[in-house]
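Take a first look at the fold before reading on. Then follow the text from the whole down to single residues.

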Amino acid sequence: MTFVRIVRIVLVLVCVPHSADANPESARLRARAYEYALNLDYDEATRQMEAAVKADPNDPSAERGLAAIPWTLISFRRGTVTVDDYLGGVTRQNVALKEPPADLATRFNTHIQRATMLAEALLRARPRDADAHYQVGATIGLQASYIATVEGRIIGAFRAARRAYDECETVIDLDASRKDAGLVVGMYRYVVSLMSLPLRMMAYVAGFGGGKERGLAMIEEAAAYPSESQSDARFALVLLYNREGKYSDALRQITELQRRYPRNRLLWLEAGATALRGGRAAEAESQLTSGLRMLANDRRPRMFGEEALWYQKRGAARVALRRIDDADVDLGHAVAGESRTWVKGRAYAELGKIADLRRDRNGARVNFQKAVMLCEQDNDPAGADAARQWIDTAYAQR
């Protein structure tokens with residue numbers, strides 16, 4: 001696992017953290033902005049966060065929130081905000097958007113610079129204050145994610161991520177009750193533990209701690225700790241429980257997130273995808289069908305390739321349920337629509353299964369070969385391997 005994957009997994013987990021001494025009005029507006037953002041209402045989230053800045057111009061959390069929103073929008077437009085992007089090898093950014101939109105890049109850089117200035121000033125004034133260290137760690141952590149995922153500057157991201165880790169460890173040293181700081185430390189610990197031995201040793205020398213079990217436990221503690229980053233911890237657990245094959249645990253987290261953020265249609269996509277990974281095809285189909293109804297009635301902007309991804313997932317669930325005519329229709333939408341290349345590749349793999357179920361071995365082989373080619377083009381070795389196994393062995397014989 002590369003360092004890029006580390007900073008991508010950490011994502012915006014530190015974008016709107018708790019600030020013990022924030023202006024109450026700023027904190028209230030920030031919390032509202034955060035709720036809007038997690039419901040995919042980015043315009044209203046921006047307005048609320050701007051109001052938070054006006055309420056307290058010295059609050060680094062609000063400025064950081066204004067930086068996190070355009071960063072999230074860049075990822076949204078690239079179609080790289082789902083669990084799938086962090087499970088296998090699907091890491092390459094969409095080639096259709098090599099550079100971020102100038103307005104979003106400018107917004108990010110303006111607000112991250114202001115947030116950094118405010119956080120550093122707070123730390124100079126209160127060098128032994130846990131929250132001051134948290135503010136610096138949160139801001140630098142967000143900057144590390146942006147540097148790696150948008151700018152592609154790996155060395156610069158490494159340096160920033162190391163400081164974010166150090167600052168959040170200092171928070172815990174100063175105040176062991178601050179379980180929210182464990183979210184960042186826990187994520188880095190977990191991901192470092194997945195590295196090859198040489199890379200893991202390099203990470204230790206650079207100052208990163210490891211330990212998968214301890215890292216996961218810290219994130220679970222953060223998810224149970226009342227703070228503005230509690231939902232971020234729950235999102236992190238959805239990803240990590242999927243990685244660990246703990247699909248029931250992941251679904252419990254998604255259910256709670258669906259309750260809290262009912263306008264976030266992508267939670268239904270993640271619920272369906274998680275159920276499908278766990279072999280619960282009927283549940284997956286139900287969640288995805290509900291989500292597709294939400295999508296049809298939602299006039300807000302869509303993630304790049306979103307509709308195709310929905311249909312690919314539901315098509316796969318319907319293949320597993322042997323509803324092959326319905327699956328054929330879904331997968332036809334998936335391969336015809338605008339999407340990430342790996343999504344088309346996985347859709348063709350499902351079409352190969354349908355062909356085998358219809359006793360069309362030649363057609364199946366063509367589809368599986370096409371799936372391998374497309375998945376490999378988009379750096380999806382897991383998808384390619386899943387399709388490759390059926391090129392010479394009929395899926396219908398399974």
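How much accessible surface does the protein have, and what share of it belongs to carbon and sulfur atoms? The accessible surface comes to about 16,100 Å², and carbon and sulfur atoms hold 51% of it. Accessible areas here come from the Shrake-Rupley method with a 1.4 Å probe, and for residues only the protein chains shown count as cover.

A word on the source. This is a predicted model, in which local features need pLDDT of at least 70, side-chain atom pairs count only at pLDDT 80 or more, and totals for chains, interfaces and linings use all residues. Residues are numbered from 1 along each chain as its sequence is written, and side-chain values use heavy atoms, with hydrogens and water left out.

Start with the whole. The protein has 20 helices and zero strands. Helices (H or I, at least four residues) and strands (E, at least two) are DSSP runs, numbered from the N terminus. The protein has 398 residues, and 59% of them count as buried. Buried means under 20% relative accessible area, exposed means over 50%, and partly exposed lies in between (1.4 Å probe, protein chains only). Now look at contacts, meaning heavy atoms within 4.5 Å. Among contacts with a separation of 6 or more, 66% come from residues 24 or more positions apart.

Helix α3 runs over residues 42–55 and has 14 residues. From first C-alpha to last, α3 reaches 20 Å, close to the 20 Å expected at 1.5 Å a residue. That expected span is 1.5 Å times one less than the number of residues. Which residues of α3 are buried? They are Y42, A45, T46, Q48, M49, A52 and V53. Their cover includes α2 (24–38), α4 (60–78) and α6.

Move on to α6, which spans residues 102–125 and holds H111. H111 has a relative accessible area of 14%, so it is buried. H111 touches E63, L66 and A67, leaving aside residues up to four places away in sequence. With E63, H111 also makes a side-chain polar contact of 2.8 Å. A polar contact is a pair of N or O atoms within 3.5 Å; within protein, one must be able to donate a hydrogen and the other to accept it, and residues adjacent in sequence count only if both atoms are side-chain atoms.

Now turn to charge. Side chains of opposite charge can pair when their charged atoms come close. How many salt bridges does the structure hold? It holds 39. A salt bridge is a side-chain nitrogen of Lys or Arg within 4 Å of a carboxyl oxygen of Asp or Glu.

Take D41 and R300. They form a salt bridge, with the closest N and O atoms 2.5 Å apart. D41 lies in the loop between α2 and α3, and R300 in the loop between α15 (281–296) and α16 (306–320), so the pair ties together parts that are 259 residues apart in sequence. D41 is buried, at 14% relative accessible area.

D298 and R265 form another salt bridge, with closest N and O atoms 2.7 Å apart. D298 lies in the loop between α15 and α16, and R265 in the loop between α13 (247–260) and α14 (266–277), so this pair ties together parts that are 33 residues apart in sequence. Both D298 and R265 are buried. A network of salt bridges links D41, R263, R265, D298, R300 and E306.

Now go to α20, residues 381–388, where A386 sits. D385 and R388 also lie in α20, three residues apart, about one turn of the helix. An α-helix has 3.6 residues a turn, so residues three or four places apart point the same way. D385 and R388 form a salt bridge, with closest N and O atoms 2.6 Å apart. Buried or partly exposed? D385 is partly exposed at 47%, and R388 is partly exposed at 35%. A386 is partly exposed too, at 38% relative accessibility.

Finish with α19, residues 361–377, which holds N367. N367 counts as buried, at 17% relative accessibility. N367 touches Y348, A349, L351, G352 and A355, not counting residues up to four places away in sequence. N367 and A387 are 20 residues apart in sequence, with their C-alpha atoms 8.8 Å apart.
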